[in-house]
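Here are my notes for your first look at this one. Have the chain open beside you as you read.

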Amino acid sequence: SAATPREAAAGADIVFSMVTDDDASRQLWLDEESGALAGLAASGSLAVECSTLTPTLVRQLATAITDLRCRFVECPVVGSRPQAEAGKLVLLLTSERPLPPELPPILELLGRIVSLGNKPGDAATLKLAINAFLALQAAGLGELFGFLERSSIAESTAAEIFTNLPITSPTAAMLIQSIITRNFSPLFPVALVEKDLRYALSAGADVGADLPIVERLREQFVAALDAGFGADHLTAVSQLFLPATADSQL
């Protein structure tokens, strides 16, 4: 095994990265001594960045990598561990140049490719919007079930009705089950959700978009972080709203 990203990238035809945030990605690719970019430069390899990053950093990476006559593909993924294990992720892809023929068969092992054109950062923008939509559902359901659990309506009855409504997606149904069973085993931790909401607000500011709901939503996830739920699944934001002594009635 390689000791540094630079060693891992040296001689590789394709280098994939999937790390937590901008800082980790910047260090992985751009560190002058240990970064993967130095290893890529010798062979003109293909760099595939799958992390959820700010569009600004994606564009910086694209410029740095193409300036060394290497190829860059932006490819953040939508889905969590179950989708990854089943090969059913959605891969949001931008590439300034046509994909080399060897790349699509590799990506298709992970899931379905959705091409978003040739502008780096567009996939990051869409991924941040998608994650914000998921966070909005988790926080909204947590708030509503906190309201319902303080009423005379049985939690199990409310959950059954919500789950079988035409407006309830399979993902929302899973969020509801996580909330009412208090199962917060992490698939998408609160800390990463807060990071993505922060990145979405930054990206919105860059293009002059007003995101007041996302701003308020981030405040809830910051409160969940402050309450010690950072390592829990994003549905743990519901603990800000649920009665402290409530137990599932299922």
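**Notes on the cores, cysteines and surface**

1. Start at F221. Leaving out residues up to four places away in sequence, F221 touches A135, A139, V190, V193, E194, L197, L234 and V237; contact here means heavy atoms within 4.5 Å. Keep in mind that this is a predicted model, where local features need pLDDT of at least 70, side-chain atom pairs count only at pLDDT 80 or more, and totals for chains, interfaces and linings use all residues. Residues are numbered from 1 along each chain as its sequence is written, and side-chain values use heavy atoms, with hydrogens and water left out.

2. F221 also belongs to the largest nonpolar core, which has 33 residues. Such a core is a set of buried Ala, Val, Leu, Ile, Met, Phe, Trp, Tyr and Cys residues joined through side-chain atoms within 4.5 Å. The members touching the most others are L141, F145, V193, L197, F221 and L234. Two or more residues each come from helix 7, helix 8 (155-163), helix 9 (170-181), helix 10 (190-207) and helix 11 (212-226). Helix 7 gives the largest share, 9 residues. (Helices are DSSP runs of H or I, at least four residues, numbered from the N terminus.) Apart from this core lies another, of 18 residues, including W29, L40, A62 and I65.

3. Which cysteine sulfur is nearest to that of C50? C75 is in no disulfide either. The whole structure has 0 disulfides, a disulfide being a pair of cysteine sulfur atoms within 2.5 Å. C50 counts as buried because its relative accessibility is 4%, and C75 is buried at 0%. The cut-offs: buried is under 20% relative accessible area, exposed over 50%, partly exposed in between (1.4 Å probe, protein chains only).

4. Together with F133 and I213, L136 makes a nonpolar surface patch of about 310 Å².

5. Is R150 buried or exposed? At 54% relative accessibility, R150 counts as exposed. It lies in the loop between helix 7 and helix 8. Not counting residues up to four places away in sequence, R150 touches F241, L242 and P243. By contrast, P5 is 145 residues from R150 in sequence and 52 Å from it in space, C-alpha to C-alpha.

Definitions and conventions:
Patch = residues over 30% accessible without salt bridge, like charges linked within 9 Å, V, L, I, M, F, W, Y side chains within 5 Å. Areas by Shrake-Rupley, 256 points an atom, 1.4 Å probe, with all protein chains shown as cover. Salt bridge = Lys/Arg side-chain N within 4 Å of Asp/Glu carboxyl O.
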